[in-house]
Each structure stands twice: as structure tokens, then as C-alpha cells.
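Have the viewer open as you read.

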Amino acid sequence: MSCRRQNSERPRAGTQIPYSAKTSFLLFFLLATHLLAQTTESDRPVPILTGTAGYFNFVTAGQNQLDAQINPVVLLPLGDHWLVESRAEFEGAFQRPPDGGAYGGMVSKNLDYAQVDYIASPFVTVTVGRFLTPFGIFNERLYPIWIRSLQQDPLILPLSAESNDGMMLRGGFPVNARVNFNYAAYVSAISTGHSNLQSNRDVGGRMGVFLPGPRIEFGASWQKLLQDQRTNSFGFHFAWQPTRLPLSLHSEYARSNQGSGYWVDGAYRFSQVFLWQKVMRHLEFAARAEQFFNGQIPPDEAEALGLPGANTREGEFGLNYYLRDGLKLVGSYGRQFSFAGNFNLWTAGIAYRFAVPLGRAAQ
Amino acid sequence: MKNKLLSAIWLLALMSTIGMAAASPRTDASTEPVVRNSAEVEAETMRLEGEKRFRANCGRCHAAPQKFPPRMMATIIRHMRVRATITDEDVRLVLFYMTQ
């Protein structure tokens, strides 16, 4: 039966396809297959090595510190739903000894995050591993040196953990055409085995509302320590990018038993100034005002955590010049006021963001 | 009689051919540009919407970066989807805008 069908379907001698037509058909088929494969190939994400590198001079109360750092980020996409990502921090901070002499210091190494993300649905991403604590917006989103408008950390940054080891659910989805909702909820385990992987036993979360029309985002964060004194921390954040001005405003408030405080940060790009436009459109003015109030812990313990030992106010402003995408020169001046003493803060340096594909990126 | 019949068939075939030839360019002219234009309009709409979403979402934290090759952008947008909790629709439109 099958032989007969094969015989009947075989082209008869008089209607055989000419050689040129066969070749054309074969070429067309191969080309179509190749194009189809190319389209699929071009959409497939490629592993990337990205990150930042920077060199800064921080002059704090007349004491100069040379700071060189590199923060590599590895992004490894797997399939359509998985992403393995990691960021390390290598920072060398060098100072002259108080009695003079050559600059000396240490190179610190830290693993900021090493996590596996599974995009389970348009509403939920599951993250497992070591991740940046979603408390406020600075730690997760504004921390990299090529993003932050002023290089000094906000005074309240140490009020929440920077990284946690555990599991997190997060996502963002539109509530309607004018409102997006985003959230993150996590639980983390205690980790003391290695200095680079330290983590507290915490539970916490953050929720935010983003209004794409006026470009306003606001939200709240909460964290509960599930060890020692089982303290609570909470905070609020706000961000606004007006549509008519090249201005970006960010702000955070945080409170815990270790202290409380806020910062307000603004960056204005001179792209709308018509004078010397070739230069001015690369220039950005940034300013920050912040305040910290002592908590229920002694000053030496606060200083060990990186917090001020006394109630503190600080104002800072500076200029950033973007030489090209991802490369900027920075300079700023600030003054800190506290019961422990007032002093000046000067910063000058350069920040660079790099991104290299670990595979064929182009078609 | 036979010649007349053959002539009539030839004439009919000729008229049909001329009619088809006359009709086919008009069909091409009336449909193809419309299809191309609608596709272009759709792509342009997506690109503009993508740019709007890009400025709204990515501009929350940083200035507009350069455009990377499509396969790099696909990775970066997946990273940003997780980091900045960008919505599914915003991811698709921003990726379209950044790879055009």
C-alpha cells in the first residue's frame, strides 16, 4: 500500500521539476529557515558582564581619602523566565596616617547580591539567594556610582540591612491605565559564617505606587528583625520626574530603634539652557539636604554601624559632567553640622559604567 | 466555421488576459501600500509608546543610556524588570523602542 502511494506520488517523467527550479526552491527554503533562525537568535538574551568603576577623592574634615572601586555585575539569562545575577564590590580606601607618611589602607571585598530570579508570571518574580534589601529606593536602585547624583551615602542608609540571604517575591503590574503597583516581600535567614555573606533573620517588604502620567512614585517599606530585640523599622519614599523639566527628585524617610532621618535629593540637567548648549546639555547640578536623629543605641554602637554618633544635619551640592554615556566627572561640596563638630566634605572623581556581552550580541 | 470558433476563443482569451493584467496592478496598488503603511504606523506607535514608557520607568533612576545590541537589551531589560519592578507591558514596549 505504502509502495503504491509512493509510486503514484513520484513525479512523472514529463512533469519533472527542472534543476534550476529545484535549486531555487532549496535556496528559498534554506534562506527562509536561516532568516527564521536569525530572528529567534536575535531575540535571545546574551550573558553580560557589566558594572561600574570609579576613582574618587573624599576630603572629610581636611582628611583626604583616595577611593578606587570596581563593582562587576554578571547577568546570566537562562531560557525565557530565568535570570542569574550577581554583583561584587571591590573597594580600596587609602589615607595618610595622622602623623604623616605614605598613603595606606585596605581593599574591601563584598558580595552585594548573588540571586536566581524566576519570572513566574507577569505579576510575580521569585528570587532566591543573596539579594539587595528592598527597603526604600536608594539601596536597590540609586546605589551604583554611575546612577547616584552625589557620591556620599545618605546618613540613614545603614538603618536597614543592605543585603539579605533568603527568598523574595516581587513584581509590578498596572492597576489601570494611570496607576502601576509594585511590591516586594521577603524573608531571610541568619548568616554569620562568612563576612561577605552576613545576613540577619528578617522579614519585610515594600510596596509602591507609580503614576506614569505625572511620573510620581511613592511607597512604604517595613522590616522586622526576627532575632535579638525583634525590632521594627519602617520608611517612606517619594520620587518625581516632572515631564516639562529635566529634573529628578528623590526622597526617603526611615525610622528604627537605631535612629531616624530623611534625605531629599534633586538633580537638574542643563539641557534646556540655550547658552553654550553643547557643553551645558552634558552638565547636571545636584543637591541634597538630610538630617539624622539618634536612636536608642549608644553613640559608639551607632558609629560601628556607619551611623553618626550624634544628631546631624548635612547639606551638599555638586556638578556632574557627562563626558559620554556612562562616563561622568563628579565634584561636590557639603557641610555637616552636629554636636560632635561641624566639618566640610569635598568630593572629586570619575565614574564609569561598562557593559560587555559574554557571547555574540549582534546578529 | 471552425476558424470563426477558434478566432472567438482566441479573442475571449485575449480579452480575459488584458482584463486580468489591467485588474492586477490596480489590486496591488490599492492593497500593498495600505498594508505597509498600517504596519509602519503600528511600529511607529509602538516606538513612541515605548519611548514614553522608557522615559517614565527608566528615567525614575537614571538618564537615558545608549542603545545596546538587541540581545544585550533583552538581558538588560530582564534585569531591570526584576530590579525596578517594571510591568510586563512596559518591558515589551521599552524593549521594542530600545531595539529599533
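What follows goes from the whole chain down to single residues.

First, some ground rules: this is a predicted model, where local features need pLDDT of at least 70, side-chain atom pairs count only at pLDDT 80 or more, and totals for chains, interfaces and linings use all residues. Residues are numbered from 1 along each chain as its sequence is written, while chains are lettered from A and ligands numbered from 1 in the order in which they are written.

Chain A has five helices and 16 strands (DSSP runs numbered from the N terminus: H or I of at least four residues for helices, E of at least two for strands). Of its 363 residues, 31% are buried, meaning that 20 or more other C-beta atoms lie within 10 Å of a residue's own, with exposed set at 12 or fewer, partly exposed in between, and C-beta atoms placed from the backbone. Look at contacts (C-beta atoms, placed from the backbone, within 7 Å) with a separation of 6 or more: 51% of those in chain A come from residues 24 or more positions apart.

Now zoom in on β10(A), residues 232-240. Its covered face holds Ser233(A), Gly235(A), His237(A) and Ala239(A); the uncovered one includes Phe234(A) and Trp240(A).

Strands pair if DSSP finds at least two bridges between them. On that basis, β9(A), residues 216-225, runs antiparallel to β10(A) with nine bridges, and Ser221(A) sits opposite Gly235(A). The two form a hairpin with six residues between them, and Asp228(A) in the turn has a positive phi of about 50°.

β10(A) also joins β11(A), residues 247-256, through seven bridges, again antiparallel. Here Phe234(A) faces Arg255(A) across the pair, and six residues lie between the strands of this hairpin.

Conventions
Two residues are in contact if their C-beta atoms, placed from the backbone, lie within 7 Å.
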